[in-house]
Amino acid sequence: MEFELNLENKTYKISIQERKGKYLIELNNKRKEVNCEFISPNCLSLDIDGKIIKVYLALDENKSFVFIQGNQFVLQEKDISSSRTRKKEEELGLSEGKQIIFPPMPGKILKILVSEGEKVKKKQSLVIVEAMKMEHEIKSALDGVIKKINYTEDQMVDTESPIMEVESEK
Amino acid sequence: MFKKILIANRGEIAVRIIRACKEMDIQTVAVYSEVDKKALHVQIADEAYLLGPAPPLESYLNIDKIIELTKKSGAEAIHPGYGFLAENHLFSKRCEDEKIVFIGPNSRSLRLVGDKLESRTTMTQAKIPIIPGMRMRGNNLKDYEEQAEKIGYPVMLKASAGGGGKGMRTIFSKDDLKSSIEAGMREAKSAFGDESVYLEKCIEKPRHIEFQVLADNYGDAVHLFERECSIQRRHQKIIEETPSTALTPELRSEMGEVAVKVIKTAGYNNAGTVEFLLDKNGKYYFLEVNARIQVEHPVTEMVTGVDLVKSQLKIAAGEKLPFKQEQLSQKGHAIECRIYAEDPQNDFFPSFGKILFVKEPSGPGIRNDSALYSGIEVTMHYDPILAKLICWGENREVSRKRSIQALSDYAILGIKTQIDYLKDLLSHPEFASGNTQTDFIPKNMSNWKEKRQVENLKEIALITGAIQEMNKTPVRRNMIRTTGFDPWLLLGRWELGE
């Protein structure tokens, strides 16, 4: 079987075959034979070239967390990781002369500092979101006009909530 | 001693208090908000009652409900932990009126030290050195503008009812004054229910040194030496240690005596902390009294051998201090690292979600105060502190190295934490040499990026990922989405016996 896994913004092709309880793995043009055993659902013991390595792992919906010798890695299957991330969306938005404001983390809209139609300057504060009792200001990335505000104060938002749109001045 | 107490808090501190009670054969009553139903403090207490919805005002700050549950459960005393109601003199007074013991200072001294402005005045009268600045809140923006000019920029904005960095800001110029004061007042209001803020002089490159104090109900008080808490991010302490590398034995005993004097001046009882700023010339200023058990109390416990939570319970129950100042000493060195649900790669934004798996470090000299377990949900409603890792060693270097090693052994999978950041901070040559001022982080860590040499480990991670993928058929993939990954499901058909 072949997989494409995303790790730290790089995609790796990896092929794997199971044979008599062993895994034959091809990665980075190298072949490896790996013995492995699940010690518990979250702990895997790998035997790679005679070296025993204990790995902790956990899965959520689309990510796999792997902890090896004090280092954590987050893996994603390629089809999921290639879907538009918020950062890309922001860049996309900016290139078209507008910015969609998403909160950096889930929280409550504490204060909206602008109104629709208002002119704003780059780095001007637009909205304050509160999470875990700390306030976070979100600033405009461009000089422009507030085109649309989709939420009101006291509403709960998450990182996928487009709070407002800023359109650049022509 | 009490037979039963209620713990009006959550998270690691509630767990810490409940454990102390168990060792003293005191029954414990936990309270919780709707999102904390599965929290560890609820599981380990003898009884647990629902307070209300998640927002603190409806749960952990709901005085009426907490008093009602205390009476209903028959608890004789309330331990408030830190944060929430811990330094609320109205709550302490209410307990006194209701004949419930508040495990903390009396309401009169709590009101005095809780009002930073009032305590500044009282301490000046007692000839305790304080930081120059306002002794009253401003009535309007103009007051603050005038005071800021008088003190000289940069100035510190502080909440009169404050603590824990909430509402606190450094203001560099008049342009930032208005927005800083407004934001500070809002934060102070939401965190403490009191929006009074004041300005004081910004001491350059200070160290944050605090003294732990215990005072009984009969006017006797001792200090349990200092903690250095200079390593702060946005006024939030992240690493604390004792002893401080900055104190000579003479300065230590002088500041300790001043700390005891502060406590006696305030008519304070129970456990408390006297905070000082120490400037680069060795001059110290009284900052405030933290009238509660502190987050960083374990480092003091590790070097003095005194259990501060048990001491709090004994003092509240009317016992006298069991030791004199000269019987107390410091042995070895302890460092505490606060582990937060934050993403250091993304400007330390809070990280929420389910912790899929936790493995805590262990070994000689390692103490872990946490309320974590695999499967716990971290919500956005409360402080993002997850755990405190405290490492004791016979000297600072042993304690530092042990901390780095223990952090490397700490696996928290599913959400982001700043463990890697803490490791790099402890490894920094300036930290290793004890050169710790409050500007340590802006000076040494501002361009921090994860910089690990892990090409070979990446391969292992990918191999692990591939083995996982291989073991996911479409049906199994579905199962993972709904129930979580379980390799036992991959075993296929099997039979018992031969």
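**Domains of chain B.** I began with the spacing of two domains in chain B of this predicted model, and I found the C-alpha centres of domain 1 and domain 2 of chain B to lie 32 Å apart. The assignment I consulted divides chain B into domain 1 (4-103), domain 2 (132-201), domain 3 (207-444) and domain 4 (455-491).

**Domains of chain A.** For chain A I noted domain 1 (2-81) and domain 2 (86-168), and the centres of these two domains of chain A, again taken over C-alpha atoms, are separated by 39 Å.

**The sheet in chain A.** I next traced an open sheet of four strands in chain A, whose order I wrote down as β13-β12-β10-β15, with antiparallel pairing. Its edges are β13 (134-139) and β15 (156-157) of chain A, each of which pairs on one side only. Looking at one of the pairings, I saw that strand β10 (residues 107-112) of chain A is joined to β15(A) by two bridges and that the two strands run antiparallel. Within this part of the sheet I located A:Lys108, which stands opposite A:Met156 in β15(A).

**Contact between the chains.** I then turned to the contact of chain A with chain B, to which chain A gives 62 residues and chain B gives 52 residues. Between them the two chains bury about 5600 Å², and 69% of this area is on carbon and sulfur atoms. Which residues of chain A lose the most area to chain B? I found these to be A:Leu59, A:Met132 and A:Lys133, which together account for 16% of what the side of chain A buries.

**Charged and polar pairs across the interface.** I counted three salt bridges between chain A and chain B, and I looked up the one formed by the side chains of A:Lys30 and B:Glu459, where N and O are 3.0 Å apart. For polar contacts, the rule gives seven residue pairs across the interface of chain A and chain B, both residues of each pair being at pLDDT 80 or more.

Over all chains the count of salt bridges comes to 45. I followed up the pair of B:Lys71 and B:Glu98, whose closest N and O atoms are 2.4 Å apart.

**Backbone points in chain B.** I kept the backbone for the last entry, bearing in mind that most residues other than glycine have a negative phi and that most peptide bonds are trans. Where does B:Pro154 sit? I placed B:Pro154 in the loop between α7 (141-151) and β6 (155-159) of chain B, and the bond joining B:Tyr153 to B:Pro154 is a cis peptide bond with omega about -5 degrees. I recorded another cis peptide bond between B:Thr242 and B:Pro243, with omega about -5 degrees; B:Pro243 belongs to the loop between β11 (236-242) and α9 (249-265) of chain B. Finally I checked B:Phe84, a residue other than glycine with a positive phi, near 40 degrees, and I found B:Phe84 in the loop between β4 (77-79) and α4 of chain B.

Definitions and conventions:
Residues are numbered from 1 along each chain as its sequence is written. Chains are lettered from A and ligands numbered from 1 in the order in which they are written. This is a predicted model: local features need pLDDT of at least 70, side-chain atom pairs count only at pLDDT 80 or more; totals for chains, interfaces and linings use all residues. Side-chain values use heavy atoms; hydrogens and water are left out. Contact means heavy atoms within 4.5 Å. Buried area is the accessible area (1.4 Å probe) that two parts lose on being put together, summed over both. A salt bridge is a side-chain nitrogen of Lys or Arg within 4 Å of a carboxyl oxygen of Asp or Glu. A polar contact is a pair of N or O atoms within 3.5 Å; within protein, one must be able to donate a hydrogen and the other to accept it, and residues adjacent in sequence count only if both atoms are side-chain atoms. Domain bounds come from an automatic or database domain assignment. Two strands pair if DSSP finds at least two bridges between them.
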